[in-house]
Amino acid sequence: MKKLLQLCFAVVVLSCITGQIAFAEYPDRPIKVIIPYGAGGTTDIAVRMLASIAEKDLGQPVVVENKPGGSGTIGLAAVAKAAPDGYTLIAITSSPYFITPHLRKVSYNPVEDFAPIMNYSGPHHGVVVPSSSEFHSFKDLIDYGKKNPGTLTYGTAGTFAGAHISMLYMEKLTGAQFTHLPFKGSAAATAAVLGGHVNFALVPAYSDHIKAGSVRVLAVLDETKDVENPEIPTIGELGYDWAFVSVVGLAAPAKTPGEVIAKLEKAFIKAAGADEFKQFMAKANLPIEIMNSEDFGKVLKKNYARYGKAIKELKLAE
């Protein structure tokens, strides 16, 4: 009996040592990051740059693979089912995490099936009007929408995107009514407001247009101020219980070992702070919003719940 106990103890000790050695060797092969969208978009390009910098610290290639479809849900579903070993990661963005799972059935649970690693960006969306517009405040816009329901048109990146749901919720809170015109992406919606084809738009990447004097931004749909344009009030500062928080970060399958997550977190946060990445993001007119694994996880859970509440109240789900 004594020999048996000694043998069991030796096996346990050996297992612990072997586990430590195995972790010490992570990663020992290439890491794959799934982009749930097609090649050439801002998420794709930025993650490729981030990966190329992070792999220097990780000591292994970080390979980016595009898996588009289902408004981002196909890529998330694939990673949710992947082995939780740190070799398959996913680029997380707002819509397939916060919104789509509340609108229709998907084969993953955003909160339960992913382990957050870090967030590197989060464009602020603004309520943008042409500089020639008669509206000088968000209140002006809401008051007009209440007195003249459905008269004003606005553009967003698409139906039931975060910006569209945000305005639907503003209508619910205020009693104002507007007419939505969806576009294929925020660039097209921005062009529409610049060209006078819509009265206003809810879009990111407005800073250059502010500098050019072509637009005015009435409010920022976020919890935090736009540090580049701090004079613009947030929707919360204006008294509305809402925020459209945009995230762009990385996650792994749930149950990925904490030590592996920590190693990935450290490498990618360091990469996001590198001068090379900062210069790239500045040229692309994209903000850098770095969050560690813990903070990113809190933001994901909070906004998943926020959109769930709004979508339920708006009765948008199938």
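Partly exposed, as I use it here, lies between buried, under 20% relative accessible area, and exposed, over 50%. I am working on a predicted model.

**Entry 1: Arg48 and Asp44**

I looked up Arg48 first. Its relative accessible area is 34%, so I log Arg48 as partly exposed. Its side chain meets that of Asp44 in a salt bridge, at 2.9 Å from N to O. Asp44 is buried, with a relative accessible area of 4%. Both residues sit in helix α2, which covers residues 42-58. They are four residues apart there, so about one helical turn separates them.

**Entry 2: other salt bridges**

How many salt bridges does the rule give? I get a count of 15. I picked out two more pairs.

Lys211 and Glu228 join their side chains in a salt bridge of 3.2 Å, N to O. Lys211 belongs to helix α8 (residues 207-211), while Glu228 lies in the loop between β9 (215-220) and β10 (248-253). The pair therefore ties together parts that are 17 residues apart in sequence. Lys211 is exposed at 62% relative accessible area. Glu228 is partly exposed at 45%.

Glu294 and Lys298 form a salt bridge at 3.6 Å, N to O. These two are four residues apart in helix α11, so they too are separated by about one helical turn. Glu294 and Lys298 are both exposed. I also noted a network: salt bridges with shared partners join Asp28, Arg29 and Asp85.

**Entry 3: Arg306**

I stayed with helix α11, where Arg306 has its place. Is Arg306 buried or exposed? I log it as buried, because its relative accessibility is 18% and the cut-off for buried is under 20%. The side chain of Arg306 makes a polar contact with the side chain of Glu223, at 2.7 Å. I set aside neighbours within four places in sequence and listed what Arg306 touches. The contacts are Glu223, Trp242, Ala243 and Val245.

**Entry 4: the second largest pocket**

Next I looked up the second largest pocket. Its volume is about 250 Å³. The lining has 17 residues, and the closest to the centre are Asp222, Thr224, Val245, Glu289 and Met291. Val245 is also in the contact list of Arg306.

Which element gives the most to this lining? Helix α11 does, with four residues. Strand β4 (114-121) and helix α11 (293-314) each supply at least two. I sorted the lining by class: five residues are nonpolar, seven are polar and five are charged.

Notes:
Residues are numbered from 1 along each chain as its sequence is written. This is a predicted model: local features need pLDDT of at least 70, side-chain atom pairs count only at pLDDT 80 or more; totals for chains, interfaces and linings use all residues. Side-chain values use heavy atoms; hydrogens and water are left out. On a 1 Å grid over the protein atoms alone, a cavity is a set of points where a 1.4 Å probe fits but cannot get out, and a pocket is an open set with protein on both sides within 12 Å along at least five of seven lines; lining residues have an atom within 4 Å of a point. Grid points are joined across faces, edges and corners, and a volume is the space filled by probe spheres set on the points. Ala, Val, Leu, Ile, Met, Phe, Trp, Tyr, Cys and Pro count as nonpolar, Asp, Glu, Lys and Arg as charged, and the others, Gly among them, as polar. Buried means under 20% relative accessible area, exposed over 50%, partly exposed in between (1.4 Å probe, protein chains only). A polar contact is a pair of N or O atoms within 3.5 Å; within protein, one must be able to donate a hydrogen and the other to accept it, and residues adjacent in sequence count only if both atoms are side-chain atoms. Contact means heavy atoms within 4.5 Å. A salt bridge is a side-chain nitrogen of Lys or Arg within 4 Å of a carboxyl oxygen of Asp or Glu.
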